[in-house]
Structures are given as C-alpha cells and as structure tokens.
Amino acid sequence: MGPLNLVPLEPLLRAEHVTLEYAGERGVVRATDDVSFDVHRGDRFVLLGPSGCGKSTLLKAIGGFIKPQAGSLSLAGKPITGPGPDRIVVFQEFDQLPPWKTVKQNVMFPMLANGVKRGEAEGRARHWLGKVGLARFADAYPHTLSGGMKARVAIARALAMQPAVLLMDEPFAALDALTRRTMQEELQTLWDEIGFTMLFVTHSIEEALVVGNRILLLSPHPGRVRAELNSHQFSLSSAGSQEFQAATQRIHGLLFGGAQASAAHEGPAPQPFAVH
Ligand SMILES: Nc1ncnc2c1ncn2[C@@H]1O[C@H](COP(=O)(O)OP(=O)(O)OP(=O)(O)O)[C@@H](O)[C@H]1O
Ligand SMILES: [Mg+2]
C-alpha cells in the first residue's frame, strides 16, 4: 500500500450526544447529558469523573444493556443495539467469577456460550491464563485466589473473547494500593504486547494518568464532558514526577473549578487525588 492509499480514520467506538436516563419511582434520573467522544483502535481511553457522574451507565449503554434517550452509540460504524461478544466488561466485583467453576472453566465459559468449540476455547483459555501469569492455577477454584488473581482471571476471560473493545469498570478499585499498582503495570504490559482497545472507568486521577492515553473528564451528576486530555506521556514510572503532579492538579482544577486549581499550586505538595 502506498501513501496515497488513504483509509479514513473512522473511530472504533463513537458516542454522539449521548443522554442516558433511568426511570425510577420518584421520576427520571438523568445519568449523562449530551456526552460525545471517539475511541480509536488501540486507545486506552479513560472515563474519569466523580461518583454518580454516569460512568458505569455509559459502559452499560456501550455494552448494549441500556439504550440512550438521545444521541447514538456505534461500534465500527454500526449502531449498538444490544449486547454482543465484541464488547466485554470487566467489573470491580470479585464475585463476577462463578465459584463452582475452576479458573479455566470460568475463562472458557463465555467462549462456549458464544459458540467457540471446546478444544479451541480450552486452548485460548490456557493461552490467556499464561499471559496473566496464572497457568498453574487453571484448575483452582476462585475462592482460593487473592483479589489480584481474581482480577487477572477476569481480564484473561475478557481478552480470550477477543473483543473489539475491552470495557473496564473500576476493575482494580477494590484492591489494596500495592496490588492495584501491580495490576496497572500488568495491564500496561499486556497492552504493549497485544495492543487491544480499552475503555477504562475510574475515579482516581492518578490511575487515569497511569492507565490511559486519553482521558475524558466528566462533570458531576449528570455527567457532561468537561474536557478531553492526552495522557500517553505518563506511566507508573513517571508517577510522582513534577509533570505528573502538575497534570494531576490541572485535572483536579478542571473537575472542580478554577479556584481549587490555583489553590493547589500554592498549597503543600498534594497527595494523589481521588475524585469522590
Ligand atoms: N438502576 C438504576 N436506577 C436508577 N438510577 C440509577 C441506576 N443506576 C444508576 N443510577 C443513577 O444514575 C446516576 C449515574 O450512576 P452511575 O452508576 O453510572 O455512576 P458512576 O459514575 O458509575 O458512579 P461510581 O463512581 O460511584 O461508580 C446516579 O445518579 C445513580 O444514582
Ligand atoms: Mg460506577
């Protein structure tokens, strides 16, 4: 292919003016309002915003479990109309692994449910368990694993499905700080090796900078787009650097308004912020 053979850079996942609502007993709750963003192939795209700003709701809509009241969602140019094996979600909860299945059976299950032949599913399960360092635990049951190991099983199970986009809803939020860092590192290593497309939800500014190459900042309830930032220059090894601290403060300011942003510059060295 020569340089004149231009392929239009169509985004893999496109959210256009997406408004999401829940109809409750006490009326309608608007979770997101007019949210637009594009995720390109190979992106580590982060949705960052305070609790209740509609991050999980957006993932549910992209997963095809709920429909937008207004706006549209599309994957590879096709409207999202329901769930599909091209979009797999990894959740925070550790009990997402059925306890009566072994690790390998857990990884195989979604493949078998989607028509992958048993031999193929088993091969892929072994491959991905190897990738996340759990080859030796293929026949273990989930209750015998640590939180970090369960998170690894959930990631192996998701990647074994070869989704077009991996949706991650605060997958490391329930882990202790050290395990969380390890998992962020391992996720980065996997991504370096495989280059999958990921949409990652967090309310930790530091995690967003470490995990993402692009960050969409959402305002508090209902979630609206505050800003979109590039963050590919940051990684775990740059966490704590002056640039990293400056980016953290800038994001904090964008999320919570100018007054706090300038105050942060004058105050003592900030701790890693979490948006609550
Ligand atoms: N099933 C539901 N029925 C009614 N309202 C809901 C439902 N799920 C979420 N909401 C409301 O929608 C809004 C967005 O919720 P959502 O769970 O998407 O937020 P979030 O950004 O993921 O928050 P967190 O960081 O705490 O996980 C909240 O006001 C919430 O109360
Ligand atoms: Mg959530």
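How many bridges join strand β9 to β10, and do they run parallel or antiparallel?

1. Conventions. This is a predicted model, in which local features need pLDDT of at least 70 and side-chain atom pairs count only at pLDDT 80 or more, while totals for chains, interfaces and linings use all residues. Residues are numbered from 1 along each chain as its sequence is written, with chains lettered from A and ligands numbered from 1 in the order in which they are written. Helices (H or I, at least four residues) and strands (E, at least two) are DSSP runs, numbered from the N terminus.

2. The sheet. Six strands form an open sheet with mixed pairing, in the order β6-β7-β8-β3-β9-β10. Its edge strands are β6 (87-90) and β10 (225-230), each of which pairs on one side only. On average, neighbouring strands here are turned by 20° against each other, direction ignored. Pairing requires at least two DSSP bridges between two strands, and angles run from 0 to 180 degrees between N-to-C directions of axes, which are lines fitted to C-alpha atoms.

3. The β9-β10 pair. To return to the opening question, five bridges join β9 (residues 214-218) to β10, and the two strands run antiparallel. L218 has V225 of β10 as its bridge partner, and L216 stands opposite E228.

4. Neighbours of β8. Strand β3 (residues 44-48) runs parallel to β8 and is joined to it by five bridges, with R44 partnering M198. Strand β7 (residues 165-169) is also parallel to β8, through four bridges, and here L166 is the partner of M198. From β7 the chain crosses through helix α5 (residues 177-194) to β8 in a right-handed β-α-β crossover, meaning that the path from the first strand over the helix to the second runs clockwise with the strands pointing away from the viewer.

5. H17, not a glycine, has a phi of about 50° and is found in strand β1; H17 counts as exposed because it has 12 C-beta neighbours inside 10 Å. E170, also not a glycine, has a positive phi near 45° and is found in the loop between β7 and α5. With 19 C-beta neighbours inside 10 Å, E170 counts as partly exposed.

6. Ligand 1. Of the 13 residues around ligand 1, Y22, S51, K55, S56 and T57 come nearest; the criterion is a C-beta atom, placed from the backbone, within 6 Å. β1 (13-24), β2 (27-39) and α1 (55-62) each supply at least two residues of the shell, and α1 gives the largest share, three residues. By class, the shell has four nonpolar, eight polar and one charged residues.

How values were computed. Nonpolar A, V, L, I, M, F, W, Y, C, P; charged D, E, K, R; others polar. Buried ≥ 20, exposed ≤ 12 C-beta atoms within 10 Å, placed from the backbone.
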